[in-house]
Amino acid sequence: MCHLPTLCIAFSLPLLAVDVPGALRQHALPDAARAANSGALFVDINGDGHEDIIVSNAREYGVFLFVPKERERKNLQWNEGWSQVMREGKAGDANSLPLIVDANGREQGVTFHDGAMWIEATKQRISFSELLKVPGPAPKSPQESLRALQLKPGYETMLVAHEPLVQDPVFIDWDAKGRMWVVEMGDYPFAPGEKTKDGGVGQDKVSDLQSGRVKILEDTNDDGVYDKASLFLDGLKHPTGLAPWKNGAFIANIPDIFFAEDTDGDGKCDRRETWFTGFTAGNPQHLVNGFCWGLDGWFYGANGDSGGDITCVKTGKKIALGANDFRFDPRTGEFALEGGRSQYGRWRDDFGNWFGNNNSTIAWHYWLPFRHLERHPELVVKAVRTTLNGALTVFPASPPVRRYNQGSAVNTLTSGCSPMPFRDTTFGADGENVMFICEPANNLVHREQMSYDGASITSKRHPDDAESEFIASTDNWFRPSMARTGPDGALYVVDMYRLVLEHPEWIPAEIAKGLDLRAGEDKGRIYRIAKRSAAKAGAAMTDPAQAMASTNGWKRDTAQRVLIERGDASAVPALKKLLTAAPAVRIQAAFTIMQLGGMTPEEVLTVLWPLAPQIRAAALTATGATTDAVFIDLEKPLLKQTPQKAPAVAAALPVITHNNSDRQKVVAKYVADTSKHEGDAKRGASVFQKVCMICHKVGDLGVEVGPDLKTVATKPYAQLIEAIFDPNRAVEQRNAATQVTKKDKTLVVGQLTSETPGNLTIRLPGGAEIVVLRTDIQALKTLTTSIMPEGLESALTAQDVADVLAFIGSH
């Protein structure tokens with residue numbers, strides 16, 4: 001191969017045995033380059049001194065970069081040879097290349113020079129930089145994407161909003177006027193100037209759309225489709241949610257929750273006031289978010305996994321969020337903790353029960369109310385939540401694509417979010433309670449059938465979805481972030497519509513630099529799914545007391561909110577007539593009457609108790625009644641559970657005999673030394689069991705204290721070595737260590753998994769969990785360090801590292 005500034009000579013590959021350069025014959029060719037007349041050419045397109053392969057014929061095409069041994073050591077995703085796939089597919093698809101040879105094997109005059117591929121037959125030029133991009137599937141038009149949705153029989157879909165009206169939508173709600181409020185995270189994945197924690201990938205200002213926004217949509221002709229958008233507020237940083245209140249909305253916008261007001265009715269914010277500040281910034285997938293209206297007249301929000309030290313501007317209080325979710329009173333500015341922590345979305349059913357999840361969990365039920373624990377700090381509990389369903393299998397309809405991370409996660413829930421009970425009677429059989437969970441990585445919305453018959457609420461895959469999903473799209477760009485009950489009893493699905501969903505924090509930097517991280521920034525869709533025609537979503541609420549009689553949860557929530565905003569005690573007589581109505585109506589009417597001064601908490605309890613088992617401690621405690629009799633019989637066995645140690649793991653902490661304070665020097669040495677060794681996965685399994693499994697899982701092996709290593713297996717080799725030997729260089733809040741100093745001067749250091757008003761639960765290396773009473777605590781702090789120790793060079797040789805990384809990469 002000749003390497004000149006302006007000229008590249010390409011080796012042709014009409015026959016495998018003849019034309020492979022001698023020095024490269026030991027490496028297996030990609031399948032696309034094996035056939036005779038494949039139109040495969042050798043050329044160095046990334047300037048690393050190694051010949052890459054470009055294939056394009058009447059059958060298929062592909063761009064395959066050569067990975068030398070030294071770079072194989074740096075990234076577990078690629079083996080030595082032409083294993084780094086930049087693009088591949090069938091001839092003629094959206095990302096195909098011009099033919100190098102035609103169907104008859106005739107060459108098309110392809111040459112490479114001046115940093116580009118030149119095609120004489122078609123007079124085309126494709127730059128090397130374009131060939132090095134990872135194109136992915138092409139986007140679809142809104143109508144094409146609508147047709148790509150696969151629904152259950154009997155349901156229909158309407159596209160109610162799309163670009164340019166909305167772009168990058170992640171959250172919606174409606175106000176009492178029937179207008180849809182939309183949160184747009186236009187600055188995903190990076191606000192201007194942001195970078196990944198290791199500094200490897202980031203963006204400055206690259207687009208006018210690179211900003212968070214809130215819009216108000218209106219349906220001006222009452223046809224069910226939104227046709228007018230008002231830009232309420234722009235210039236936000238990673239906004240995640242909102243809640244309408246009076247003539248504005250509370251908005252979650254890192255590091256604050258603020259109230260944005262429209263004082264003159266023009267649909268634009270002209271007054272903004274911060275109510276709470278101090279929420280931790282970071283990866284936008286892990287930020288404070290919300291909000292959901294509670295029966296008690298407070299808004300509830302989710303931690304997001306990042307925590308924070310919260311200053312309550314209205315009251316002057318300072319509250320450490322820790323591992324908890326929260327609620328706040330929109331009338332007074334009071335802020336209180338709730339059991340958590342949820343990643344994206346904390347939502348309620350009609351009966352006052354609360355749910356959340358994280359990316360790898362269908363849903364949690366928060367069964368133990370914080371308010372009860374605040375009254376009884378002597379209660380010792382390990383957890384305030386239970387898992388609804390441990391099954392994680394999903395059935396995507398979209399074509400499989402090469403994942404940028406977690407490549408082994410096939411048909412598995414990896415991005416679960418917004419676990420929302422459906423709050424009307426239009427989905428499922430009579431009396432059936434269902435929950436929808438969005439799964440944007442797999443381009444689907446999952447449905448669970450809920451059961452209230454046990455000690456905690458559980459669920460199972462809906463029987464009508466045994467081997468399929470309630471909604472699944474064949475469009476790889478379909479990225480649902482929310483599926484919620486609308487004012488008309490339909491299900492509204494918010495589709496951010498992006499090509500790249502994974503945050504670059506979890507994508508190998510070499511791949512991230514070849515991706516268009518903002519592809520789809522100008523797009524977004526919102527769908528309406530319904531079983532039958534219903535009243536239009538845009539109808540304004542004229543009589544809140546009358547609306548309280550609705551089977552629709554959104555209508556009742558909004559009616560209650562409006563009555564509380566107004567302090568309208570005149571509605572009490574009409575609301576009392578609903579105390580014999582259907583359970584969901586009766587419950588919300590009782591809470592509203594109490595908020596308006598028409599009933600005592602004890603009187604509300606009398607209304608609620610007969611509605612067990614749907615009614616449980618969460619709603620009974622929310623009344624504010626002073627009684628401790630708030631647990632129904634089914635729940636009482638959960639209270640009797642005492643904290644137990646986690647199952648023992650057949651491993652011990654590695655012995656660290658010395659620790660070099662210059663961690664980057666250690667990292668550099670191991671990166672260099674490890675590259676000289678071949679990794680062996682079988683030996684690596686032994687190393688993992690000896691050193692790693694006390695804090696990490698791979699598959700079913702080990703204990704999840706730190707991250708499951710399958711989720712980081714595609715990180716660059718050098719980055720993983722840095723994480724092993726310099727673990728404190730970049731620590732996510734959820735993986736930071738918590739240090740408890742007890743009054744007896746002993747220390748407990750580990751991962752904070754749960755906290756209540758009476759105790760903390762700390763998970764130690766090995767998986768054992770220690771419950772520490774707050775009365776025994778002298779000092780508590782979150783460390784800026786990881787729970788992973790420094791100094792593992794005492795326990796690991798370079799060969800050990802090569803082996804354990806081979807083991808991780810084999811899963």
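Biologist: Before we start, what should I know about the numbering and the kind of model?

Modeller: Residues are numbered from 1 along each chain as its sequence is written, and this is a predicted model in which local features need pLDDT of at least 70, side-chain atom pairs count only at pLDDT 80 or more, and totals for chains, interfaces and linings use all residues. Side-chain values use heavy atoms, with hydrogens and water left out.

Biologist: Okay, strands. Which strand pairs with S20, and in which sense?

Modeller: In general, strands of a sheet pair through backbone hydrogen bonds, either parallel or antiparallel. Strands here are DSSP runs of E, at least two residues, and helices are runs of H or I, at least four residues, numbered from the N terminus. Two strands pair if DSSP finds at least two bridges between them. In this model S20 (residues 256-261) pairs with S21 (residues 271-279), antiparallel, over 6 bridges.

Biologist: How many residues lie between S26 and S27 in their hairpin?

Modeller: There are 6 residues between them, and glycine 333 in the turn has a positive phi of about 85°. S26 and S27 pair antiparallel over 4 bridges, with phenylalanine 326 opposite leucine 337.

Biologist: Are the residues on the two faces of S27 buried or exposed?

Modeller: In a regular strand the side chains alternate between the two faces of the sheet. For S27, Phe335 and Leu337 on one side and Ala336 and Glu338 on the other are all buried. Buried means under 20% relative accessible area, exposed over 50%, and partly exposed in between (1.4 Å probe, protein chains only).

Biologist: And where is arginine 331 found?

Modeller: Arginine 331 is in the loop between S26 (325-328) and S27 (335-338). At 37% relative accessibility, it counts as partly exposed. Leaving out residues up to four places away in sequence, its contacts (heavy atoms within 4.5 Å) include Trp245, Asp296, Trp298 and Gln595. The C-alpha atoms of arginine 331 and tryptophan 298 are separated by 8.7 Å, though the two are 33 residues apart along the chain. The side chains of arginine 331 and glutamine 595 are joined by a polar contact of 3.0 Å. A polar contact is a pair of N or O atoms within 3.5 Å; within protein, one must be able to donate a hydrogen and the other to accept it, and residues adjacent in sequence count only if both atoms are side-chain atoms.

Biologist: Last one: at what angle do H10 and H11 pack?

Modeller: Two packed helices are described by the angle between their axes and the distance between the axes. Axes are lines fitted to C-alpha atoms, for helices over the stretch in contact, and angles run from 0 to 180 degrees between N-to-C directions. H10 (residues 583-595) and H11 (residues 601-608) pack at about 175°, with axes 10 Å apart. They are therefore roughly antiparallel, the word used for angles over 145 degrees. At the contact, residues including Ile587, Phe591 and Met594 in H10 meet Pro601, Val604, Val607 and Leu608 in H11.

Key: Angles under 35 degrees count as roughly parallel, over 145 as roughly antiparallel, 65 to 115 as roughly perpendicular and the rest as oblique.
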